[in-house]
Protein chains: 2
Amino acid sequence: MVEDITKTAEEMAKEQRAVSVSEFFERNRHLLGYDNPTKALLTVVKEIVDNSLDACEEARILPKIYIEIKQKTPDIFKIVGKDNGPGIVDKQIPFTMAKLLYGSKFFKLYQSRGQQGLGIKGCVLYSQLTTGKPTTVISSTGDGKTSYYELMIDVKRNEPNIISHRIDNDGRIWHGLKVEMEIEGRYIESKTSVNEYIRQTAIANPYAEIIFDGPNGKIEYPRSANVLPPLPKEIKPHPHGIELGMFRRMLESTKSRNLIGFLVNDFSRVGRNSAEEVCKLAGIDQEKNPTQLNTEESETLFKALKKVKLMRPPTDCLSPLGEDLLLKGMQKEIKAEFFAAITRPTSVYRGNPFVVECAIAYGGELSQEGSVEIMRLSNKVPLLYQAGDCAITKAIATTDWKRYGLQQSGKSLPTGPAVIMVHFASVWVPYVSESKQALAAYPAIMKEIKLGLQELGRRLQKHVSGKRRAEMQKKRRKIFERYIPEVAKSLEELSDVKKEIIQKKLVEMIEKKAVKIEEVEENVEERSGRKVSEVREEDSE
Amino acid sequence: MVEDITKTAEEMAKEQRAVSVSEFFERNRHLLGYDNPTKALLTVVKEIVDNSLDACEEARILPKIYIEIKQKTPDIFKIVGKDNGPGIVDKQIPFTMAKLLYGSKFFKLYQSRGQQGLGIKGCVLYSQLTTGKPTTVISSTGDGKTSYYELMIDVKRNEPNIISHRIDNDGRIWHGLKVEMEIEGRYIESKTSVNEYIRQTAIANPYAEIIFDGPNGKIEYPRSANVLPPLPKEIKPHPHGIELGMFRRMLESTKSRNLIGFLVNDFSRVGRNSAEEVCKLAGIDQEKNPTQLNTEESETLFKALKKVKLMRPPTDCLSPLGEDLLLKGMQKEIKAEFFAAITRPTSVYRGNPFVVECAIAYGGELSQEGSVEIMRLSNKVPLLYQAGDCAITKAIATTDWKRYGLQQSGKSLPTGPAVIMVHFASVWVPYVSESKQALAAYPAIMKEIKLGLQELGRRLQKHVSGKRRAEMQKKRRKIFERYIPEVAKSLEELSDVKKEIIQKKLVEMIEKKAVKIEEVEENVEERSGRKVSEVREEDSE
């Protein structure tokens with residue numbers, strides 16, 4: 001028996017080896033958003049557009065993005081993406097496009113669309129998996145040279161596999177990136193597909209010009225703003241969001257020669273005074289070399305750092321849309337009678353600053369039937385899948401909309417003629433999967449979204465009850481008006497004034513009166529409304 | 001301007017570098033199931049238990065698993081897991097425990113709980129991240145030697161970091177694995193926490209003995225079966241589930257010297273005849289060396305392979321629970337009046353065979369209020385999180401339960417006194433994220449689950465309507481019985497027979513009659529019921 005088991009353990013050992021991260025995602029391609037052909041097509045377009053927008057914004061260029069989708073066979077589509085961004089330097093192209101977990105955004109804390117070093121590489125991987133073809137990449141950085149590459153991924157090693165490469169030194173001056181690939185896909189126009197993604201992207205990025213040349217024709221989204229939003233600043237990690245394991249790695253790899261320098265330079269919001277306080281609290285010499293701390297000391301220092309009071313992270317690392325842009329974007333695309341938008345103050349989860357923005361459109365031509373329409377955005381990217389798993393959907397479903405004039409049964413989504421839009425902007429977005437389609441429901445995030453929704457709700461409620469009041473007023477007036485001719489006639493007989501004049505005066509009187517009543521009611525409501533908004537700051541679950 | 005852009009591209013290039021897969025998951029720890037302390041504690045216990053069960057089953061050992069959770073500080077818990085499995089050979093321990101994406105299961109197509117080479121490594125990573133401490137691993141393979149390791153993960157390189165190591169050559173004969181770690185966690189007993197996971201694991205694995213020594217005391221789950229289920233067989237990939245990219249890699253790395261051998265040996269369900277047919281259809285010499293095919297040839301061969309008719313994948317790679325075990329498991333834990341279970345025939349998605357099993361418990365002491373309780377299992381592992389995103393939940397919500405006697409509004413979960421359990425068994429489970437808590441809703445999977453649920457529904461409906469009928473019968477009988485004394489008295493006067501005798505005969509008559517009526521009704525229903533089951537095979541969306 002015992003010998004037998006030993007053999008088993010030896011046999012098991014022989015079967016073990018390492019998997020490359022490419023191999024892992026090839027097998028688990030649904031994790032990157034490639035579970036079905038429709039979603040795959042969306043994912044590829046999304047990764048190309050997100051990359052282009054990020055590159056343009058970082059280089060301070062007003063983005064102009066061209067996306068083409070052409071059907072080659074019933075299942076195979078050719079996708080071309082072209083931008084006017086800064087381009088990629090020649091020797092970096094293979095790694096940037098064809099090595100998973102390679103990039104710059106992973107190491108920087110600032111608001112961008114990409115953050116993982118997976119997106120565009122996932123497209124190349126999916127393309128070669130389903131069509132066996134390389135991806136063509138053409139780029140110039142404005143130096144008169146143009147790079148041409150055909151790239152695949154060596155899946156076993158997770159390294160670029162360069163099929164062809166040449167540099168044209170033709171002196172043509174341009175900058176930007178062009179990507180061409182073929183993939184297995186399916187093109188459907190729906191609420192969760194490419195056309196909707198492009199439409200919502202245009203709403204959220206009004207300074208970008210987007211041309212979408214799809215299977216059903218060309219749609220151009222011209223720029224509606226000519227100024228780029230300020231570039232979000234990169235920040236250092238905030239001490240309150242750091243974990244012990246990561247803290248120790250920072251100690252090991254810091255360039256600072258003493259603890260004071262380490263604390264001040266490697267973290268956000270730690271000044272000299274706070275740094276001294278931390279060292280004193282930990283009982284460790286502030287001049288000590290950070291790399292020389294033993295296990296116990298690093299833990300003591302870590303705990304002291306968590307105890308010292310610090311300012312919240314700075315907010316200039318964030319670039320929200322702003323209430324004005326939110327309203328404009330919605331008004332341009334949605335035919336409703338009432339709009340409201342709100343940008344919440346900056347908040348923090350796990351040390352990462354974030355801002356929540358909410359907007360609502362109500363009534364007008366919106367459908368009375370079914371659930372309200374929800375638009376989810378994170379760092380200006382529309383989220384179309386995994387709605388049920390997203391903090392935004394959960395926050396909407398657990399807000400009590402009945403008090404704000406929408407129908408709602410239990411903790412399901414409200415119904416009625418409304419569109420609710422929520423934008424989440426952060427230096428690090430906690431997506432529930434690598435396909436980046438839903439936000440993880442951290443309590444601090446849920447709370448902020450719900451507070452934003454409640455504020456919108458109160459404004460909506462005012463509008464809805466205003467509408468009801470106006471209807472009531474109309475009814476009341478109609479009753480008066482019905483008697484006016486008769487009263488006027490009687491008064492004419494009594495007073496000798498012509499009944500037409502009396503009638504006119506009576507109508508004027510009623511109108512004046514109605515306005516006064518409305519004003520009084522409005523004031524009363526506003527006061528009680530404000531009270532409510534101060535008191536009700538519900539916690540998320 | 002142009003120069004400026006060039007500089008930008010150069011600057012961007014400087015910031016780029018590779019991220020190790022450990023670093024990636026450290027940052028995105030919520031992807032592995034570590035988004036909050038409660039879930040983290042569950043995830044660690046789950047990974048340890050799943051690993052132990054897999055190891056024992058593979059080595060044909062009846063599992064005995066001990067799990068201990070002790071609270072050390074308000075936030076820090078010590079977790080000990082110990083099993084009687086085959087153990088791990090000394091030199092493999094560091095890689096098996098402390099290198100992400102290392103293992104054997106990724107390369108094998110057979111039904112097991114682990115499949116990614118992430119699970120237990122994720123625990124070590126989370127432990128060192130939150131407490132800074134190494135994980136202790138003690139193991140023996142039954143050869144009289146015991147290995148002791150203290151392990152951490154070198155995150156930057158994704159390699160094991162051995163803190164200490166020794167081998168005790170004391171001749172003590174045992175085999176198994178003991179793991180000890182400290183993590184940041186929170187212990188709550190709820191429907192989505194450790195206690196429920198262990199309870200459901202015991203139901204689904206009745207041949208395992210599990211002892212759970214938690215903060216609120218010790219719970220022992222003794223074995224209720226003494227025989228291991230047959231070991232699921234490893235299978236080769238089925239041609240209909242393979243993609244071009246993977247097919248090409250198989251061509252490159254095959255040990256077969258000709259195409260015939262490659263097709264027959266490296267795939268499941270390809271015989272010599274089919275292989276010859278594929279080569280003929282592709283117009284490629286069947287004796288050609290697989291590694292010598294050019295790009296075009298490999299694509300032609302791939303297409304031909306997809307066209308040839310083949311048998312479905314074999315099913316002995318699967319180890320479902322079986323209807324009997326499903327019923328026993330539920331009856332042991334749930335106090336209900338009605339139970340039903342069904343194991344569906346084997347089906348296929350993306351070339352992977354799978355089996356769906358469904359069971360239901362109804363009435364009795366189950367709560368009348370709220371939604372039915374749902375138990376989700378995949379490869380005998382309970383799934384507790386991400387219910388909204390899971391194919392099982394979606395299939396339950398989109399089945400029409402009103403016709404089967406449960407309440408349901410629209411496409412939400414049915415309400416009523418019922419527990420619905422669904423088990424998904426496959427050689428490769430398509431989880432929606434690495435935390436393995438929800439199944440991706442592939443159409444073929446949705447369809448199978450819904451067919452299983454409909455079958456259960458029909459059985460439930462029969463029970464529910466039988467109950468209603470019995471109540472009706474009772475009412476009818478009561479009406480008769482009310483008149484019996486009077487009738488008996490009158491008959492006594494007319495017939496000279498004693499009224500007590502007449503009364504007794506009348507009661508007997510009613511009882512006989514009632515039984516007959518029931519039998520007739522039952523037959524009618526059974527026939528119509530069977531008809532329904534043959535006709536209704538709804539498609540999933």
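Mentor: Two strands pair if DSSP finds at least two bridges between them, and in this predicted model that criterion can be applied to β5 and β6 of chain A.

Trainee: What makes β5 and β6 of chain A a pair?

Mentor: Five bridges join β5 (residues 135-141) to β6 (residues 146-154) of chain A, and the two strands run antiparallel; since at least two bridges are needed, they therefore count as paired. Within this pair, Thr135(A) stands opposite Leu151(A) of β6(A).

Trainee: Why are β7 and β10 of chain A called edge strands?

Mentor: The open sheet of chain A has eight strands in the order β7-β6-β5-β8-β3-β2-β9-β10, with mixed pairing, and β7 (159-168) and β10 (217-221) each pair on one side only.

Trainee: How do you know that a strand of chain A also pairs with one of chain B, and which strands are they?

Mentor: Strand β1 (residues 17-18) of chain A is joined by two bridges to strand β4 (residues 102-103) of chain B, in antiparallel fashion; because the criterion asks for at least two, this pair meets it. Here Ala18(A) stands opposite Tyr102(B).

Trainee: Why are the two copies said to be related as by a two-fold rotation axis?

Mentor: Chain A is superposed on chain B by a rotation of 180° with 0.1 Å of shift along its axis, at an RMSD of 0.2 Å, and the copies are thus related as by a two-fold rotation axis. The same surface serves both copies, for 98% of the contact residues of chain A recur in chain B.

Notes. Residues numbered from 1 in each chain as written. Chains lettered and ligands numbered in written order. Predicted model: local features only at pLDDT ≥ 70, side-chain atom pairs only at ≥ 80, totals over all residues. Least-squares fit on C-alpha atoms with pLDDT ≥ 70 in both. Contact = placed C-beta atoms within 7 Å. Helix = DSSP H or I, 4+ residues; strand = E, 2+ residues; numbered from the N terminus.
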